[in-house]
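Dear colleague,

Please find the structure below, with the sequence alongside. My notes on the sheet, the salt bridges and the aromatic residues follow.

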Amino acid sequence: MIHSNGRITDKFFIKSSTGYQLIDAENELTPSELSKRSLLLMFQKNWDIVFADAQICSITKGQRITNAALEALYSQMTSNIPSYCYQGYSLAHAYTLLNEFITYQNNNFQTQTTAYPMPPKAVRAKINTLSVDFDWIKNGKQVSNILKVVHRHWQDTDCYTETQIIGWLIFSAMVYGGINDKKTLVSYINTIIELKERQSFINYNIISHVRYKNNKYGNEYTADNLYCSQQIVTDTVTMCWLIRLNDCHSKAEMVSTLNDRISETLTETSIGNILRSTLTPLLLKLSIKIPTLAFMLSNSSYIWEMLPEVNVDQALVTIIKGKQDTVGLTKNSFERLLNQQYQTTEIFYSNKDFLDLEIIAANDDDERGSSRRQADDELDLIKALKQRLHKNYKHQNKSKSQSNIIDDLLKMSNDSSKLNYKILIRWVLSLVEKRGINNESISKYITAMGYEWLKFTKDQPLESWTTDYFEELYDEILDDMAVKDLSYPAKQLQKMHRFAEVEYGFPKVKVPLTSSQRKVRSEWFSPQLFSSLLAQLRTGIDVMEADMLTVLLIVAYRTGMRKKEILGLKYADIEGMQQGKPSVIIRPNHYRLIKTDHSIRVVPLFALLKPSELALFTKFISVNKTKNDQRFIFTISSSHLPLADHVPIKLLNLLYEDLGGSDDVRMMFHGFRHTAMTNLALVMQGHPDLVMSLTDYNKEDIERIKTGMLGEYTWGQELWYSCAHLFGHLAPDRGFEHYNHSAWLMASYSLSQAKIQLLYAIFKNITGIDKKQLKENGYIGDGDSIDLQKIRKLLYRQVLDKDYRSPKKFTIQDDHNNAVIANAQDNNKMLLKRYGLG
């Protein structure tokens with residue numbers, strides 16, 4: 001019991017059989033401590049009631065509350081929390097206390113595999129989650145009034161200096177093009193004013209590759225500088241001003257005004273100054289306040305969000321207003337996506353070429369038990385290391401205690417036969433021996449990444465791995481972590497790898513995200529590359545393995561599942577086969593432990609795979625499945641063990657090299673995850689023309705995927721959370737930041753399709769194009785307004801060059817077929833031969 005005059009200290013946990021008790025103290029309680037005590041008593045009371053009915057757990061041999069009962073308990077506790085928070089004790093503190101309560105239960109009464117999931121995070125409700133508030137409406141109306149004044153000016157003025165033209169390019173890019181992030185805007189303007197930087201794109205569109213320096217986040221790293229790259233499609237009003245800029249640069253009579261020519265690279269300051277100088281003469285005489293660049297960036301969306309035929313949801317609005325980090329592709333990568341061609345070669349691969357493994361024999365009967373013991377060993381090692389670091393040696397000074405800890409760690413290392421165990425133990429030992437780091441800090445290092453290291457390197461031949469394998473390993477480890485700041489665990493992985501470089505001869509590797517600069521990869525595999533990989537695989541790999549590997553690449557390309565998740569799939573993880581709608585369940589097993597609840601999920605293959613691919617997958621599973629549904633799916637024909645982690649990477653690079661891929665490109669299996677997330681985002685929110693140009697999906701595929709993912713209602717913000725859940729993420733921001741490389745492209749393309757009409761006088765004053773030219777180009781308009789979409793071909797030719805008569809045909813737009821897959825699907829003998837059934 002707690003005495004009425006007891007003070008609650010930070011050390012309020014006392015281990016007991018069912019929970020904890022509060023320790024007695026002296027002094028009176030403060031109001032904050034009173035809330036804390038009341039909350040703890042409420043948690044314990046509710047816990048005791050539910051715990052009384054808990055069942056015995058087969059792993060811990062103790063009682064454990066079921067997940068269903070725990071969910072109800074969390075709901076009860078969280079609903080009671082507000083009534084216990086008063087006089088300065090915040091809700092955030094209360095939820096932190098609840099997490100500490102559950103953490104105590106896990107640390108003292110559960111194992112890693114049986115640990116209770118944490119309560120759902122407390123999120124303060126926002127008044128308006130769509131960022132549409134009173135100020136936005138009020139300021140947006142000011143922007144609308146400014147736009148009316150601007151249109152009258154455009155209608156009355158036909159002579160502009162280059163600086164003024166640049167000013168109107170800035171204005172139209174913000175108001176009609178949606179470029180509402182400052183750094184992106186500056187880079188965009190600097191790019192589009194150069195004729196050579198404007199590139200042809202699908203359906204008579206103009207695209208630009210924007211690249212700007214960002215000290216904190218980006219996908220290009222050169223000479224200690226970090227850059228963000230984006231692909232942005234130009235809107236039709238900005239295209240009109242680009243035509244005027246071309247005219248300004250080409251006409252001889254404009255030479256006298258070219259003293260005003262802008263020759264230096266524009267900066268954020270100069271962009272703001274040019275905009276202000278352009279707007280001031282119009283607005284000053286009407287006593288309208290001159291808007292700042294920041295004001296226009298914040299409120300221009302009031303105009304472009306409501307343009308006809310524009311479909312930009314609030315997630316994309318957030319991105320193009322610069323409130324969510326994301327990257328596109330580098331210029332070279334985007335060029336490869338659009339135009340890279342591949343040629344299959346007649347090469348036969350032996351298993352050793354891509355396996356290069358030592359197959360360890362295992363008895364099917366004891367495989368599950370031994371692997372489970374192995375998983376428990378990994379958890380026990382982490383606990384043992386922490387216990388050694390915190391072990392108190394009675395009647396010994398600190399120096400002697402540290403010496404005993406070192407001896408314990410040396411014994412653990414000598415007793416371990418597994419290389420990944422030994423590396424972790426030896427690294428910890430090296431830190432203890434340095435004596436400059438306290439044991440508490442070392443324990444935090446282990447907590448940050450120790451378990452993930454052991455999980456992802458289990459049974460892997462690390463001593464023979466190359467740089468590529470380790471880079472992909474660390475990508476996967478960091479992707480699996482459910483923490484917002486990945487720099488801390490990344491730093492510890494880098495420290496341990498450097499230790500292994502010296503002690504075990506590992507190759508040098510740069511672990512991503514090790515600093516405040518977040519360098520992310522941007523990869524996007526084209527349909528041509530994917531189909532060519534399958535063709536090369538089936539050309540050169542023995543039929544006994546080709547079917548399995550074909551299905552593996554299909555699942556990776558379409559679903560974006562992590563490599564470990566795919567390799568750990570068992571036949572028991574497949575459901576819906578009898579209904580013709582197969583899905584796979586990503587859940588923990590002895591090969592692949594799932595750390596967080598949101599990583600446990602269902603992946604609807606029936607929606608994500610194309611029909612021919614689904615037919616191949618279904619036949620493959622039907623033929624191969626035996627009574628033992630605990631067998632792994634992706635195994636070579638001579639073993640029931642899953643493929644080693646490095647096999648898919650080695651296979652991918654082997655195929656890519658023989659297809660004639662670029663020498664300077666290193667293929668990463670994780671690129672399939674980037675591709676799947678980017679393609680799915682396009683399907684969910686992109687313009688159909690964009691989807692069918694950059695992927696191999698048709699209208700039927702788009703509809704099937706949307707319906708399979710979202711059900712009857714295929715619109716709304718739920719689509720982004722549905723995508724996040726599919727990839728094992730808690731929220732969409734992780735996908736935008738690391739994997740979705742089409743966000744700016746989608747948003748800007750949608751804005752380029754806006755149905756915008758300009759008065760003929762405005763259009764002629766800007767472009768110099770008269771009615772005769774319009775008629776010669778087949779334009780038939782009604783009234784005094786010009787529909788810019790109807791003259792897109794004319795705008796396209798004028799913006800690029802008068803010699804352009806039709807849009808460029810990209811390799812990626814070639815007709816895609818599934819001949820490779822169909823061939824594998826229809827050849828029953830080929831499929832049956834693998835299993836000795838034909």
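Predicted model: local features only at pLDDT ≥ 70, side-chain atom pairs only at ≥ 80, totals over all residues.

**Helices on the sheet**

Helix H34 (residues 792-800) lies across E3 and E4, and its direction is at about 50° to E4. "Across" rests on contact, meaning heavy atoms within 4.5 Å. Axes are lines fitted to C-alpha atoms, for helices over the stretch in contact, with angles from 0 to 180 degrees between N-to-C directions. Helices (H or I, at least four residues) and strands (E, at least two) are DSSP runs numbered from the N terminus.

Residues are numbered from 1 along each chain as its sequence is written, and side-chain values use heavy atoms, leaving out hydrogens and water.

**The sheet**

The sheet is open, with 4 strands in the order E3-E4-E7-E6 and antiparallel pairing. Strands E3 (199-201) and E6 (220-222) are at the edges with a single partner strand each, so one side of each has no neighbour in the sheet. On average, neighbouring strands are turned by 35° against each other, direction ignored. Two strands pair if DSSP finds at least two bridges between them; E3 and E4 (residues 205-213) are joined by 3 bridges and run antiparallel. Gln199 stands opposite Ile207 in E4.

**Salt bridges**

The count is 17 salt bridges, each a side-chain nitrogen of Lys or Arg within 4 Å of a carboxyl oxygen of Asp or Glu. One of them joins Arg601 to Glu565, with the closest N and O atoms 2.7 Å apart. This pair links distant parts of the chain, 36 residues apart: Arg601 is in strand E11 (residues 601-603) and Glu565 in helix H22 (residues 563-567). Both Arg601 and Glu565 are buried (buried is under 20% relative accessible area, exposed over 50%, partly exposed in between; 1.4 Å probe, protein chains only).

Arg587 and Asp573 form another, at 3.0 Å between the closest N and O atoms. Arg587 is partly exposed at 30% relative accessibility, whereas Asp573 is buried at 4%. In helix H28 (residues 699-710), Arg704 and Asp701 are 3 residues apart, about one helical turn; their salt bridge has its closest N and O atoms 2.8 Å apart. Glu471, Asp475 and Arg521 are linked in a salt-bridge network.

**Aromatic residues**

There are 28 aromatic pairs. Rings of Phe, Tyr and Trp (its six-membered ring) pair if their centres lie within 6.5 Å; planes under 30 degrees apart are stacked, over 60 edge-to-face, and the rest tilted. Phe201 and Tyr749 are edge-to-face, with ring centres 6.5 Å apart and planes at 80°. Phe201 belongs to strand E3 and Tyr749 to helix H31 (residues 743-752), so this pair ties together parts 548 residues apart in sequence. Phe201 is buried at 0%, and Tyr749 is buried at 0%.

Tyr445 and Tyr488 form a tilted pair, 6.3 Å centre to centre with 55° between the planes. Lys495 lies over the face of Tyr445, 4.9 Å from the ring centre. A charge sits over a ring if NZ of Lys or CZ of Arg is within 6 Å of the ring centre and within 35 degrees of the ring normal. Trp465, Tyr469, Phe470, Tyr474, Phe499, Tyr504 and Phe506 form one aromatic cluster.

Regards
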